[in-house]
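User: Could you take a close look at one part of this model for me? I'd like a connected picture of a strand pairing and the loop that goes with it.

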Amino acid sequence: IETRGEVDAYVATFKKDEAWRLRAQSRTLGQELDPVLTISDASGKQLQRIDDVGQEADPSLVWKAPADGDYVIRLFDLHRRGGESFLYRLWLEPDKPELVMRT
């Protein structure tokens, strides 16, 4: 996030009920950015907003699309700041179990 008030936006296509994990990493990298993630549908309606999670300084969530289609993921600083120390990493990956136990 280079300038005050900047919002980075990414478009992703999701299928209904597929689980995806979204994570932004910044504070844990020693950056000043206090990241907020939002997800909106194609019409612009905000469906999800996530900031800090419990003791975690960076947002993370598992999300399922309500319908097939394109969605916009936005990332910005909670306090609308920006600059050289407002870097982040953004992950979008299928939410799959890491361990499967069989009896």
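**A strand pair and its loop**

Analyst: Happy to. In this predicted model, β2 and β7 are joined by six bridges and run antiparallel to each other. Within that pair, Ala-24 sits opposite Leu-90 in β7. The two strands belong to an open sheet of three strands, ordered β5-β2-β7, with antiparallel pairing. Its edges are β5 (60-64) and β7 (89-94), each of which pairs on one side only. On average, neighbouring strands of this sheet are turned by 20 degrees against each other, ignoring direction.

Now for the loop. Gln-31 is located between β2 and β3, in the loop that links them. A polar atom of the Gln-31 side chain lies 3.3 Å from the backbone nitrogen of Leu-87. Setting aside residues up to four places away in sequence, Gln-31 touches Ser-26, Glu-84, Ser-85, Phe-86 and Leu-87.

Asp-34 also has its place in the loop between β2 (19-25) and β3 (35-41). With a relative accessible area of 7%, Asp-34 counts as buried because this value falls under the 20% cut-off. Beyond its neighbours within four places in sequence, Asp-34 is in contact with Arg-27, with Asp-51, Asp-52 and Ala-57, and with Phe-76, Asp-77, Leu-78, His-79 and Arg-81.

Note on methods
Residues are numbered from 1 along each chain as its sequence is written. This is a predicted model: local features need pLDDT of at least 70, side-chain atom pairs count only at pLDDT 80 or more; totals for chains, interfaces and linings use all residues. Side-chain values use heavy atoms; hydrogens and water are left out. Helices (H or I, at least four residues) and strands (E, at least two) are DSSP runs, numbered from the N terminus. Buried means under 20% relative accessible area, exposed over 50%, partly exposed in between (1.4 Å probe, protein chains only). Contact means heavy atoms within 4.5 Å. A polar contact is a pair of N or O atoms within 3.5 Å; within protein, one must be able to donate a hydrogen and the other to accept it, and residues adjacent in sequence count only if both atoms are side-chain atoms. Two strands pair if DSSP finds at least two bridges between them. Axes are lines fitted to C-alpha atoms, for helices over the stretch in contact, and angles run from 0 to 180 degrees between N-to-C directions.
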